[in-house]
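Here are my notes on the model you sent, as numbered points. They begin with local backbone details and move on to the chain as a whole.

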Amino acid sequence: VHGDFTLHPISRACCVAFRRSSFGRGMASRKSALLIVDVQNDFLEGGSLAVPDGNEVLPVIHFMRSVYEFDLVVYTQDWHPSDHVSFASNNSMPVFSVKMIDGQEQVMWPAHCVQGTSGALIHDALLPRAGDVVVQKGKNKARDSYSGFQDNDRVAHTELSAVLRDAGITDLYVCGLAMDYCVSYSALDGQAFGFSVTVVTDACRGIDPKGIAAAEEQWRAAGITTAVSTELPLPRARS
């Protein structure tokens, strides 16, 4: 039966028209990237700014890398100088207090992810592979940078947007730490910069439940979708 099958001329014409349409071309040209946010030792168990249950994201992210075919995988990496403006110890202020700096609220964090220290390293369980890209952020001592795309004052940008565009990425899947800070800021900026963003919720952990709820509301308002790692609409990796 299959050997004798001939596509009806009308059906054939419809298929050709679909492929030539903007919708058909869009489906064929979509490319995905996995953005792994700040899965660094200082944000994990035993780190100076450990996210509660942060280590639980490690096997989930590993699962996604093993199961799905992403066109690109990008890591963000907090990479602060020792005199960074966000460190409470550099401001003689209590940890987690808030200070106004250049008209913006700045949380006073414990020193974390200092350049060249073990705390700044990406966890051994998720080391970048050949072809992956690492984007460092927070390198300017005078500005904090939650988002992988830009500093918090939205003046200086990282290379992340250019890296994604150069690779032809359309769909961005975001995971990592912390859900209510760097993951959320990166997701919102990604959507604002024209990518279709999905936050993989079971591959994230956050600091504050209220902050997580507020972030989720911002995602909905921005048109960001959420999904769990076992149900991503992506091709499966070849075994």
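1. Arg 154 sits in the loop that runs between β5 (133–137) and α4. This is a predicted model, and in it Arg 154 has a positive phi of about 65° although it is not a glycine. The residue counts as exposed, at 54% relative accessibility.

2. Asp 53 also deserves a check: its phi is positive, about 60°, and it is not a glycine. Asp 53 belongs to the loop between β1 and α3. With a relative accessible area of 49%, Asp 53 is partly exposed, because the exposed class begins over 50%.

3. The peptide bond between Leu 177 and Ala 178 is cis, with omega about -15°. Ala 178 is placed in the loop between β6 and α5.

4. On the overall layout, the chain has six helices and eight strands. Read from the N terminus, their order is α-α-β-α-β-β-β-β-α-β-α-β-α-β. Of the contacts with a separation of 6 or more, 74% are between residues 24 or more positions apart.

5. The chain has 239 residues, and 45% of them are buried.

6. The largest nonpolar core holds 59 residues; Ile 61, Met 64, Phe 70, Leu 164, Leu 172 and Leu 232 touch the most other members. Elements giving two or more residues to this core include β1 (32–37), β2 (72–78), β6 (171–177) and β7 (196–205) among the strands, and α3 (57–67) and α4 (160–166) among the helices. The most comes from α3, which gives six residues.

7. In α3, the buried residues are Val 57, Leu 58, Val 60, Ile 61, Met 64, Arg 65 and Val 67. Note that Arg 65 is in this list. An α-helix has 3.6 residues a turn, so residues three or four places apart point the same way. The buried residues of α3 pack against the strands β1, β2, β6 and β7.

8. What is Leu 232 in contact with, leaving aside its neighbours within four places in sequence? Its partners are Met 64, Tyr 68, Phe 70, Tyr 173, Val 200 and Ala 227.

9. The largest pocket has a volume of about 400 Å³. It is lined by 22 residues, and Glu 105, Gln 106, Tyr 146, Asn 152 and Tyr 185 are the closest to its centre. Two or more lining residues come from each of β3 (98–101), β4 (104–107), α5 (179–192) and α6 (209–222). By class, the lining has 10 nonpolar, six polar and six charged residues.

Methods
Residues are numbered from 1 along each chain as its sequence is written. This is a predicted model: local features need pLDDT of at least 70, side-chain atom pairs count only at pLDDT 80 or more; totals for chains, interfaces and linings use all residues. Side-chain values use heavy atoms; hydrogens and water are left out. Helices (H or I, at least four residues) and strands (E, at least two) are DSSP runs, numbered from the N terminus. Buried means under 20% relative accessible area, exposed over 50%, partly exposed in between (1.4 Å probe, protein chains only). Contact means heavy atoms within 4.5 Å. On a 1 Å grid over the protein atoms alone, a cavity is a set of points where a 1.4 Å probe fits but cannot get out, and a pocket is an open set with protein on both sides within 12 Å along at least five of seven lines; lining residues have an atom within 4 Å of a point. Grid points are joined across faces, edges and corners, and a volume is the space filled by probe spheres set on the points. Ala, Val, Leu, Ile, Met, Phe, Trp, Tyr, Cys and Pro count as nonpolar, Asp, Glu, Lys and Arg as charged, and the others, Gly among them, as polar. A nonpolar core is a set of buried Ala, Val, Leu, Ile, Met, Phe, Trp, Tyr and Cys residues joined through side-chain atoms within 4.5 Å.
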